[in-house]
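Here's a quick briefing for anyone meeting this structure for the first time. Have a look at it, then read on.

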Amino acid sequence: MSSIIDALYELKYNPFEYGAFIASFYKTIDESENNLLLAPLIIPLCSHPVFGKKILGAVFGNKQQSSIWSIFDDRTKLYDLQERIDGFYTLTNQCIQYCLINDWLSVNEKSLSLHTCDDCDSVFTSQKMAEKLGRLFRGHSVVEIYAFLGVKPR
């Protein structure tokens, strides 16, 4: 029975599906120092039942612009975020490897940052939710984001 559950889990959460989330996030976020540390937040937040919908509904460019404070206003609902980060850690690493292999992302070793490749040969399906999460995090430091969400980087 557990092999069926494992197979269904791997079918839903696989690097081929969530690799586009990682690439879309880094397409919209500013290339800042240590932005590689934000990768473990992408899948847990985008797949979160409550905040995934709130992120998707974020508004940009209007007079009333969304921010991390307006989207994550009720942080008590993020009680399981640290568990989700730990649980999706392996998937996040697999997704980053998948993006690097497909030349969707490249790494700047000096600043420990990821950014999308300019001469991307293969095109990924842009994920609006991950792009909006990148816009929400834009302009904030890695330390500030982790402190605001109340989780610790691994």
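**A serine and a helix pair**

Let's start with Ser113, which lies in strand β2 (residues 113-116). Strands here are DSSP runs of E with at least two residues, helices are runs of H or I with at least four, and both are numbered from the N terminus. Keep in mind that this is a predicted model, where local features need pLDDT of at least 70, side-chain atom pairs count only at pLDDT 80 or more, and totals for chains, interfaces and linings use all residues. Residues are numbered from 1 along each chain as its sequence is written, and side-chain values use heavy atoms, leaving out hydrogens and water.

**Around Ser113**

- Ser113 has a relative accessible area of 0%, so it counts as buried (under 20%, with a 1.4 Å probe and protein chains only).
- Its side chain makes polar contacts with the side chains of Glu31 (3.4 Å) and Ser111 (2.8 Å); such a contact is a pair of N or O atoms within 3.5 Å, one able to donate a hydrogen and the other to accept it.
- Leaving aside residues up to four places away in sequence, Ser113 touches Glu31, Ser32, Asn35, Leu36, Ser106, Val107 and Asn108 (contact means heavy atoms within 4.5 Å).

**Where α3 meets α7**

- The axes of helix α3 (residues 39-46) and helix α7 (residues 89-101) come within 9 Å and cross at roughly 115°; axes are lines fitted to C-alpha atoms over the stretch in contact, with angles from 0 to 180 degrees between N-to-C directions.
- That makes α3 and α7 roughly perpendicular to each other, a label for angles of 65 to 115 degrees.
- On the α3 side, Ala39, Pro40 and Ile43 meet Leu91, Thr92, Cys95 and Ile96 of α7.
- The residues of this contact divide into 6 nonpolar, 1 polar and no charged; Ala, Val, Leu, Ile, Met, Phe, Trp, Tyr, Cys and Pro count as nonpolar, Asp, Glu, Lys and Arg as charged, and the others as polar.

Note on methods
Parallel < 35°, antiparallel > 145°, perpendicular 65-115°, else oblique. Buried < 20%, exposed > 50% of the residue type's maximum accessible area, 1.4 Å probe, protein only.
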